Amino acid sequence: MTQSFTPRPLVIAPSILASDFSKLGEEVRAVDQAGADWIHLDVMDGHFVPNISYGPDVIKAMRPHTKKIFDAHLMISPCDPYLEAFAKAGCDHITVHAEAGPHLHRSLQAIRALGKKAGVSLNPATPASAIEYVLDLIDLVLVMSVNPGFGGQAFIRSAIGKISDVRAMIAGRPIDIEVDGGVAPDVAGQLAAAGANAFVAGSAVFKGGTVEAYKTNIAAIRHAAAEARGEAI
Ligand SMILES: O=C(CO)[C@@H](O)[C@H](O)COP(=O)(O)O
């Protein structure tokens, strides 16, 4: 008997890294109102990546401003000592890097044990095969299309082929394929055609600085991706 799988929903996840940090609560409410599906939270430690952003206390302060999914991307090493703090801060998805170590399998088990969805992120130089032996523990694969650490970088095209590889590897499992870095309407269609269903965008969403601008920017990415998926919006 053949099993049929429903395609994963199309998701736009604005990256708060590109927002105005002097009014984080307001910015979270603004992208919520503008049509964001998830709120993407980039956590950087100045060690795994060459930049420092914010941690669980700041995420906890943002939590009351929306009911949308908090999609945390931990660019930290080690990550295991902090997983519980991010879960308690209100993160719904916790994504760790395959390269961050020391024990990816253990980190994913710990995230699931905290009752959260577990994600694995792959740097541009990391092959899709890095997730081969942890597929049973993954709810989300985050394919980086820039080297992690900063917003506003140029899109790395090899991410498109990697997304196709990940799609082939997960073969119908209920796993989201998320792409992050330089995502804008001009590449969203190709990314969706390759198999990505969740689109993180920082600069492309937060340009303009108003709810109306965010609405237009989110709709433009959604429209390009939906068209490639053959969906009406
Ligand atoms: O994780 C990261 C950077 O490390 C990203 O989430 C960026 O914040 C995306 O920003 P843009 O490339 O869309 O400006």
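Two residues are in contact if their C-beta atoms, placed from the backbone, lie within 7 Å. The model here is predicted, so local features need pLDDT of at least 70 and side-chain atom pairs count only at pLDDT 80 or more, while totals for chains, interfaces and linings use all residues. Residues are numbered from 1 along each chain as its sequence is written.

Q: Which residues does G149 touch, leaving out those up to four places away in sequence?
A: G149 touches M44, V49, P50, N51 and M75. You'll find G149 in the loop between β6 (140-144) and α5 (158-170).

Q: Why is G149 called partly exposed?
A: Count the other C-beta atoms within 10 Å: 20 or more means buried, 12 or fewer means exposed, and anything in between is partly exposed, with C-beta atoms placed from the backbone. G149 has 16 of them, so it lands in the partly exposed class.

Q: Why does D42 count as buried?
A: D42 has 24 other C-beta atoms within 10 Å, so it is buried. Its place is in strand β2, a strand being a DSSP run of E with at least two residues, numbered from the N terminus. Beyond its sequence neighbours up to four places away, D42 touches S15, L17, S53, H73 and M75.

Q: What makes D180 buried?
A: Its count is 26 other C-beta atoms within 10 Å, so D180 is buried. D180 sits in strand β7 (residues 176-180), and its contacts, leaving aside neighbours within four places in sequence, are L142, M144, S145 and V200.

Q: Which residues carry the UniProt annotation "active site"?
A: The unreviewed UniProt entry puts it on D42 and D180. They are spread over 139 residues of sequence, yet they cluster in space, with a largest C-alpha distance of 10.5 Å. Keep in mind that such annotations may be inferred rather than shown by experiment.

Q: Why is H73 called buried?
A: With 29 other C-beta atoms within 10 Å, H73 is buried. H73 belongs to strand β3 (residues 69-75). Residues it touches, not counting those up to four places away, include H40, D42, T95 and L142. UniProt (unreviewed entry) lists H73 under "binding site", along with others including S15, G149, D180 and S203.

Q: Which residues come nearest to the ligand?
A: Of the 22 residues around it, those are S15, P148, G151, G202 and S203; a residue is near if its C-beta atom, placed from the backbone, lies within 6 Å. Elements that give two or more residues to this shell are β2 (38-44), β8 (198-201) and α7 (203-206).

Q: How do the shell residues divide into nonpolar, polar and charged?
A: They split into 9 nonpolar, 11 polar and 2 charged. Ala, Val, Leu, Ile, Met, Phe, Trp, Tyr, Cys and Pro count as nonpolar, Asp, Glu, Lys and Arg as charged, and the others, Gly among them, as polar.

Q: Where does L83 lie, and why is it called buried?
A: L83 is in helix α3 (residues 83-88), a helix being a DSSP run of H or I with at least four residues. L83 has 22 C-beta neighbours inside 10 Å, so it counts as buried. Leaving out residues up to four places away, L83 touches I94, S107, A110, I111 and L114.

Q: Which residues of α6 meet α8?
A: P185, A188, G189, A192 and A193 do, and their partners in α8 include A220, I221 and E227.
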